[in-house]
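Have the model open as you read.

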Amino acid sequence: MADTPTRIQVGGTAGTAPYEVLIGRRLLGELAGLIGTPARPSPTTTLKGGAPRHGHVQRVAVLHPEALAETGEAIRQDLAEQGYDAIAIQLPNAEEAKTAEVAAYCWKALGQTGFTRTDVIIGVGGGATTDLAGFVAATWLRGVRWIAVPTTVLGMVDAAVGGKTGINTAEGKNLVGAFHPPAGVLCDLAALDSLPVNDYVSGLAEVIKAGFIADPEILELIERDPVAARTPAGPHTAELIERSIRVKAEVVSSDLKESGLREILNYGHTLAHAIEKNERYNWRHGAAVSVGMVFAAELGRLAGRLDDATADRHRTVLEAVGLPLTYRGDQWPKLLETMKVDKKSRGDLLRFIVLDGIAKPTVLEGPDPAVLLAAYAEVSG
Ligand SMILES: NC(=O)c1ccc[n+]([C@@H]2O[C@H](COP(=O)([O-])OP(=O)(O)OC[C@H]3O[C@@H](n4cnc5c(N)ncnc54)[C@H](O)[C@@H]3O)[C@@H](O)[C@H]2O)c1
Ligand SMILES: O=C(O)C(=O)C[C@@H](O)[C@H](O)[C@H](O)COP(=O)(O)O
Ligand SMILES: [Zn+2]
């Protein structure tokens, strides 16, 4: 029996379709209700969540990374038994999935299966998988429905929610993409049990980000027992995940396409994306965001916006869970060059999210190059 999941609504304002993020355990039974009635239901098919909201769905494609081959196949088989024509498409692990070549491979598989506009894509995996799956859904036939089943902390609290989908190019991170919100998000906390600790901790960077930009209770929960925060068995796991999702849901519900408020979710990301590219994506996103937030805190402090205690608190809480605080000092010129194609840039104007205080994010435009360099000196290891 599945426990009753927590449900958080996203969207539903300003012409955007609402959808729900479900958080709980044993949630896969909810999948068919989100997909819609199978065109050829098996005699035993029962849909959860009341009457189906969508027409008959014939085909579903389950996109999953290599690391989740068994899970992906189990979901595919379950859906096939319910009457869908279900295929599984295996993707490379992690950032290697976020390429034009992998997207083209998926388009080919969908084309060969005869995937139509009423068919549905399911992305099962971490943020890299859901970013790619959402991008394929956004581009196939100019947009088909998709459902996110995030299996990492980072995927649950951030990547699967909000409809930013995309891939990387040789010039940088997430440079090609689309806003294409999912039809639903299923966060099954049991998935976190198999996650390597390094990936679990990397996801905490986005949780801590949510704490600094909007919900200081998150920081307090982690600071009370940072060792427990590093494992899915910790006493506050569900609360940390729920609180972070609520932060994200609230922001993207009022500004889906990042015309203003949504930029606050980019806290720490301007430098982070440059580090990821510089490391050829061998650093996890969360690790880079950790360094990026220390940098942003120093920038805020040097710009006279952020008090010393809050700037120092970044280092303390990030280090306490085992996230990195520094990056190579000799890389600044290259990082600066990459930061120029950050999506927050306007022409030659570099823009950063900084804090005026806890839960007071703001934009710092065109900081003096000497201030940028001084902030970077503070994170140079
Ligand atoms: N769209 C957004 O709004 C958004 C937000 C934040 C981050 N992101 C993106 O998310 C990506 C990072 O996501 P991530 O940190 O989840 O990493 P990831 O998707 O690269 O996953 C990390 C590794 O864990 C494996 N894995 C996933 N789930 C597992 C499980 N349950 N058990 C064992 N192994 C598992 C993956 O195959 C991969 O090898 C980056 O590309 C980042 O840009 C997007
Ligand atoms: O949802 C958002 O908006 C974010 O900025 C969340 C970030 O954590 C995430 O890494 C996002 O993919 C970054 O977006 P980008 O537009 O800077 O590529
Ligand atoms: Zn991020």
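Angles under 35 degrees count as roughly parallel, over 145 as roughly antiparallel, 65 to 115 as roughly perpendicular, and the rest as oblique. This is a predicted model, with local features needing pLDDT of at least 70 and side-chain atom pairs pLDDT 80 or more, while totals for chains, interfaces and linings use all residues. Residues are numbered from 1 along each chain as its sequence is written, and side-chain values use heavy atoms, without hydrogens and water.

The axes of helix α6 (residues 197–213) and helix α7 (residues 216–224) cross at roughly 130° and come within 6 Å. The two helices, α6 and α7, are therefore oblique to each other. On the α6 side, Val207, Ile208, Ala210, Gly211 and Phe212 meet Pro216, Ile218, Leu219 and Ile222 of α7 (contact means heavy atoms within 4.5 Å).

Now to the second largest pocket, which holds about 310 Å³ of space. Its lining has 15 residues, with Glu95, Glu96, Asn168, Arg280 and Tyr281 nearest the centre.

The table sorts both sets by class.

As for confidence, the protein averages a pLDDT (the predictor's confidence in each residue, from 0 to 100) of 95, and 96% of the residues score at least 70. The model has ipTM 0.99 and pTM 0.96.

Technical notes
Chains lettered and ligands numbered in written order. Axes fitted to C-alpha atoms, helices over the stretch in contact; angles between N-to-C directions. Helix = DSSP H or I, 4+ residues; strand = E, 2+ residues; numbered from the N terminus. 1 Å grid on protein atoms, 1.4 Å probe; cavity = no way out; pocket = protein on both sides within 12 Å on 5 of 7 lines; lining within 4 Å. Points joined across faces, edges and corners; volume = space filled by probe spheres on them.
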